[in-house]
Amino acid sequence: MSTTTPPVHTTMNQFSAAGNELLVGGLPLSRLAERVGQTPFYAYDRKLLRTRVAELHTALPANVKLHFAMKANPMPAIVGFMACLVDGIDVASAGELKIALDAGADPHEISFAGPGKRDNELRQAVAAGVLINVESFREVELLAGISQALGLPARIAVRVNPDFELKGSGMKMGGGPKQFGVDAEQVPELLTKIGERNLAFEGFHLFAGSQNLKAESICEAQQKSYDLALTLSRHTPSPISFLNLGGGFGIPYFPGEKQLDLTSIGQNLEQLSQRASVDFPGASLVIELGRYLVGEAGIYVSRVVDRKVSRGQTFLVVDGGLNHHLSASGNFGQVIRKNYPVAIGNRMNAGITEIASVVGPLCTPLDILADRMTLAVAEPGDLVVVFQSGAYGASASPQRFLGHPEVNEILV
Ligand SMILES: *Cc1c(COP(=O)(O)O)cnc(C)c1O
């Protein structure tokens, strides 16, 4: 039997510890678990959310608007908190639209994107007065009818499927044949239609991809998006009032990955916003981020139920797994499974470590939270923490699979 030791993670130093206890929102983890009253749970740290937004405000030019793409974390308390910190909320369904409106987000600063918006979702969006990123000719036709029927303007931006990709992106969402947006080559024709139908055209939306840690690639995509929007702007029925350049800012999950270099992205956006002041007077640039805003502020906490040794390998069986945290199990878009950073949250300073695997309670070998990692020696009752869990967690997981209880979420 060959056992290769997986590489060790850099510590997740956005959280600190006091003695053996990880501190979350200033509270020792064991106490927080008592407060929640059950495991597993997700905990999101307000201070870290605030810090992340402040870092972005420092690095990005003041006139670039920052939006939160709430699909990364639609917990109502998070959306309410973020709505007060950022300039707008991006929603991708009528369900998310409801949460954003309930959270008190200004409808004028909400934008709605997504392929396959249903007729009723479009009606709701027009009634709410939010901006709709249209992604097909059908949507434009429907919105013209809805606008007339309701006697309300339909605020429209065109989501463009660019003729380039975001290099080095974890998930490509633009370039080549895609279900998202309208191919750049078809946009002039769509803009003509929007003009004929008297719809309120406001700008362009380009989103090339997600989870990118290479600042140069992001800058290059932003420049290309800008140039494409400039070319297309010759065909717009009215001047552009904003240009959404997408996002794609990644966070480090795996050994060897490093924090994104925000400084060079800020400089690039500074240049683009200077160009925009000439090319699109009065227009603002928008950046929309999901994972980067919330991902590092969240942890997933489960409790060790059993400790087993099978043919020399130690397994910590915990009370939650892929049913709550599909991403950490490696089944949400990963090609080769890698470990998220994991620690025993009530043994942060333990001297004795061992190599153990953390597995969930589901009857499937896919239910792995940590595959042979170096961890503090843990016993039933201990708390296992998965870091980098603030984005694409609870809402992106098959919670009903195998009938275990739903996960709790708290904002501290
Ligand atoms: C998913 C998505 C985002 C957020 O992506 P992150 O990688 O979480 O930043 C932003 N915009 C659009 C259009 C999306 O579909």
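Student: Which backbone atom is 2.9 Å from an oxygen atom of the ligand?

Tutor: A polar backbone atom of Gly290 is 2.9 Å from an oxygen atom of the ligand. Keep in mind that this is a predicted model. To read a polar contact, look for a pair of N or O atoms within 3.5 Å.

Student: Which side chains have a polar atom by an oxygen atom of the ligand?

Tutor: Ser210 is one of them, with a polar side-chain atom 2.4 Å from a ligand oxygen. Tyr392 is another, and its polar side-chain atom lies 2.5 Å from an oxygen atom of the ligand.

Student: How much of the ligand's accessible area does the protein cover?

Tutor: On its own the ligand has 390 Å² of accessible area, and the protein covers 93% of that.

Student: Which residues around the ligand come nearest?

Tutor: There are 13 residues around the ligand, and the nearest are Lys71, Ser210, Glu288, Arg291 and Tyr392. By class, the shell holds five nonpolar, four polar and four charged residues.

Student: Now the cavities. How many of 30 Å³ or more are found in the whole structure?

Tutor: A cavity is a space where a 1.4 Å probe fits but cannot get out. The search finds two of 30 Å³ or more.

Student: What lines the largest cavity?

Tutor: Its lining has 13 residues, with Leu166, Ala208, Ala221, Leu245 and Gly247 nearest the centre. Helix H8, residues 215–232, gives the most to this lining, namely four residues. Seven residues of the lining are nonpolar, six are polar and none is charged.

Student: Which residues line the second largest cavity?

Tutor: The second largest cavity is lined by Phe164, Glu165, Leu166, Lys167, Ser217, Glu220, Ala221 and Lys224. That lining divides into three nonpolar, one polar and four charged residues.

Student: Last, the sheet. What is the order of its three strands?

Tutor: In general, strands of a sheet pair through backbone hydrogen bonds, either parallel or antiparallel. Here the sheet is open, its order is E1-E2-E3, and the pairing is antiparallel.

Student: Why is one side of E1 and of E3 left without a neighbour in the sheet?

Tutor: Strands E1 (17–18) and E3 (27–28) stand at the edges and each has a single partner strand, so one side of each has no neighbour in the sheet.

Student: How many bridges join E1 to E2?

Tutor: Two bridges join E1 to the antiparallel strand E2, residues 21–24.

Key
Residues numbered from 1 in each chain as written. Predicted model: local features only at pLDDT ≥ 70, side-chain atom pairs only at ≥ 80, totals over all residues. Heavy atoms only, no water. Pairing = 2+ DSSP bridges. Near = heavy atom within 4 Å. Polar contact = N/O pair within 3.5 Å; in protein donor to acceptor, adjacent residues only side chain to side chain. Areas by Shrake-Rupley, 256 points an atom, 1.4 Å probe, with all protein chains shown as cover. Nonpolar A, V, L, I, M, F, W, Y, C, P; charged D, E, K, R; others polar. 1 Å grid on protein atoms, 1.4 Å probe; cavity = no way out; pocket = protein on both sides within 12 Å on 5 of 7 lines; lining within 4 Å. Points joined across faces, edges and corners; volume = space filled by probe spheres on them.
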